[in-house]
Structures are given as structure tokens and as C-alpha cells.
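Here's a quick briefing on the aromatic pairs and the chain-chain interface. Have a look at the model first.

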Amino acid sequence: MTPASIFERNFEFHQLPTTLRLRSLDWGVYFTIDGSKTTGEIQSHFRLNENQGSEVFTRLLQMELIREKRLNLQEHIHAVALQADSSDSRVKSLDEFIRTGSAGISGPLHSAPPADPATATPAKNSTPVFTPLPAPSPKKTMSLLLVIRFIQDQSRDKTSGQLAVYRVFMGVDTRLLKRNGIQSLRFQDDRLITDADLQKSISENVSKSLGKDLPDEVFVLA
Amino acid sequence: MVHPERSLRRLTFFRMNTSSPNESADQTLSRFLNAEQLEIFKKITTDYFAKLASSEAPPEIGEAFVQFESPVLLDYTSAVRISGSYTGTIYVTAPSVMIDHLLVLHQEAEINNNTRADMCREFSNVLSGNASHAFGSQWAISVPQSIWPGNPSDLLLPPSTFVMPLVWRKTQSYLVVGLHAIAQPVI
């Protein structure tokens, strides 16, 4: 088990025997295990050192409540990067992180393993070559209220701001708006837009109407 | 009597393109509806009601919003087309009860669909005069149009409209501006 290991639960909550008794800390860790958080992240969350964390995970493993998740290369690298972010602020990049052998990776990585082991050619050269795979990028979510505020902030008064918003949205295809359930636009209401086509149309019309691009601040974490 | 929904179906909607690609944002902004002119238009429209019933609270303009696809249309609608760098329609749409209030204030002896239609037409003339006063320096104002149940209309409305609620004597009407740049009929 390393800090980058990921565990998943063997049972749904309703399948747990009613006679099951765990320590409070073990329950906390158990509920936090979700098949995506690394052991290091969970230990950090509960402020456990590596030994304390290891003891909890070992108890849950012995009771067969959890199992270690098998990861593919991309998932593993993502987990290592997550662990690096949460445990070592000195690590500046994934590449550097892997080269330094932190978080349980010992020795240099020579190359990414081929997808098909049958066609694999053993590496003859020990020169470190590694191209990190991109971590899954979160879906961009646009806040309509932040867009409206940005447009209004470019205007000198309330009415001008509202007309500016109207002028921007005049250019947005109403079929796109309808597709996203937007039938009207109140200047104080917020909606989160994940439709990439609608985001693009709004961004283009803001640029066209105001001569300015929307700032990144109008996007929020989903 | 034709339900307002049926009147609505007679209206033609337009999809619009915005300004030409070579035009700067400042150029299009200067030719768009001017906020000061809109404020003047709102004021003289509410003044019309205030003068009719000077002892009462004047009408209030509520928080504006933008409406997509389905235009706000009540029982009686008075409209004018405006054209300039953009073209479109300005209209006031009201429930019949508000028209009834106007008829009473005008000391109309009889209140029926015919007199309501007359009142709607008269209000359309008022609206046209107000629009000319507020926007006439930059926009051409067409002859007024009136729409009520059973009165066919070829009123053209763009799919996006700027709507301002107008509350008077506890009844809600709407002052609406709908503009577009280059018209392409789609419905």
C-alpha cells in the first residue's frame, strides 16, 4: 500500500451486516473511501500519519470491507499527481515528481508501458523518457450571473447595462437557449451552463458586442 | 372571441444576425437603442397614466428581463415598428381590465369589445407619439398597429425581446422592445 493507492468498498451501505462494529475513525475512513480518493488524501483529511492510516486501512482490509482498486497507467499517474499535490508542495510538476521517485515510485521510469504487452519491445536504452498523460479535465461550467455582471460592469448605468445584456443575447440562437431550458433571462438570476455550444455562442456574442472577451472568472467548478 | 394564444400564432418571428463582421463594438453600440432615450420613453408612457388619474399613485416600471421565443402578449396590444440601424417593434400589451380602467377614465359610457378595441387603437396612437418623441431623432417610427382578440396582425417580432413590467392599479401590463439587425424569417 502506498499513499497513491486507491481503495473501493466491497459492499453497498445497505448490505453491511447490522452486527458490524467499527471504531469511529474506521467508520469515517470507510465512508470516505469511494474508489477515487487516494490513501494519502484520506490520511491527510483525517490528519493521520502514515502508520496510523496504514493501521486503519489494514483493519478494513482484514474485515474484507474494502479492496484495493486496480488502476490503469493513466489512473495511477493521476493518483500519484493528486497525492503529490496534497502532500508535497515542493513538487512542481508531475514530470519532476515522477523523476524524483516520490510517493512510492522507486527508480527511474524509462518509458510508458505499451498498451499491448504482446507487442512490447523491451527498452534497451536507460535514458529517461516520459510523457505524462493528461489528467481528466473537469467540465467547464459557465455562470450566467457572472456573465451578466461582466456585461453590466462595462456599462455606466443600470439601464445601459441591461440593454447591453439584451444586445448580447439578441445574437445568441434562441434554439440553443431553449435546448438548455432558458426561456427568459432575469438580470439577478443565476444558471449554470455546461452546454459547450451555448457557452461558445455567449462568448462570441460578448466579444462581438463589447469588443472584450469573457474572463475566466465567469467559469466555476461544477 | 379569439384567444390571445391564437393572435400570437399569427405573428412572424425572425432569426437575426448581428452586425457585420467589420463593424467595431463601439460602432454597433452607438447605433443600438440608447438608454437615455429608453428612459424618456418609459417616463412619458407612465406619465400618460399618471395624468389620467393624477390623484393616484403613478404606474411603476418593474425589473426588466429578456424573453426568448415566446413573446409576452396579453389581451390588447398597441405597437409601433421602429427602424434605424436595427429594426423591430415597441409595444405595450395589457389585460382587458386595464383597458377597462382607461375607458372609465375617458368617461366612456359603454364598455364592450368594440370600445376596448377603440381604446387600444387610441393608445397605439399615444405610443407612436411617445416613440417619436423619444427615439425620433435616430429611428423611423411606423404607423401604429393594434392587436386584440380576433384582430389579425402581421406584427413582426424578433425571437428575443426586452420586457419591462408596468404595474398600474394593481394590474400588470408590459412595455416591450424587440429589435433585430438583419431579418431572416424562419417561421
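**Aromatic pairs**

Searching the whole structure, a predicted model, turns up twelve aromatic pairs over all chains (Phe, Tyr and Trp rings, the six-membered one for Trp, with centres within 6.5 Å; planes under 30 degrees apart are stacked, over 60 edge-to-face, the rest tilted).

- A:Tyr166 and B:Phe162 have ring centres 5.7 Å apart and planes at 40°, so this pair is tilted.
- The pair crosses between chains, linking helix 7 (residues 158-170) of chain A to strand 9 (residues 160-168) of chain B; helices (H or I, at least four residues) and strands (E, at least two) are DSSP runs numbered from the N terminus.
- B:Tyr48, B:Phe49, B:Phe123 and B:Trp168 make up one aromatic cluster.

**Interface of chains A and B**

- 28 residues of chain A contact 31 residues of chain B (heavy atoms within 4.5 Å).
- A:Arg156 has a salt bridge to B:Glu36, with the closest N and O atoms 2.8 Å apart (side-chain nitrogen of Lys or Arg within 4 Å of a carboxyl oxygen of Asp or Glu).
- Helix 7 of chain A gives the largest share of the side of chain A that touches chain B, nine residues.

**Ground rules**

- Residues count from 1 along each chain as its sequence is written, with chains lettered from A and ligands numbered from 1 in written order.
- Local features need pLDDT of at least 70 and side-chain atom pairs pLDDT 80 or more, while totals for chains, interfaces and linings use all residues; side-chain values use heavy atoms, leaving out hydrogens and water.
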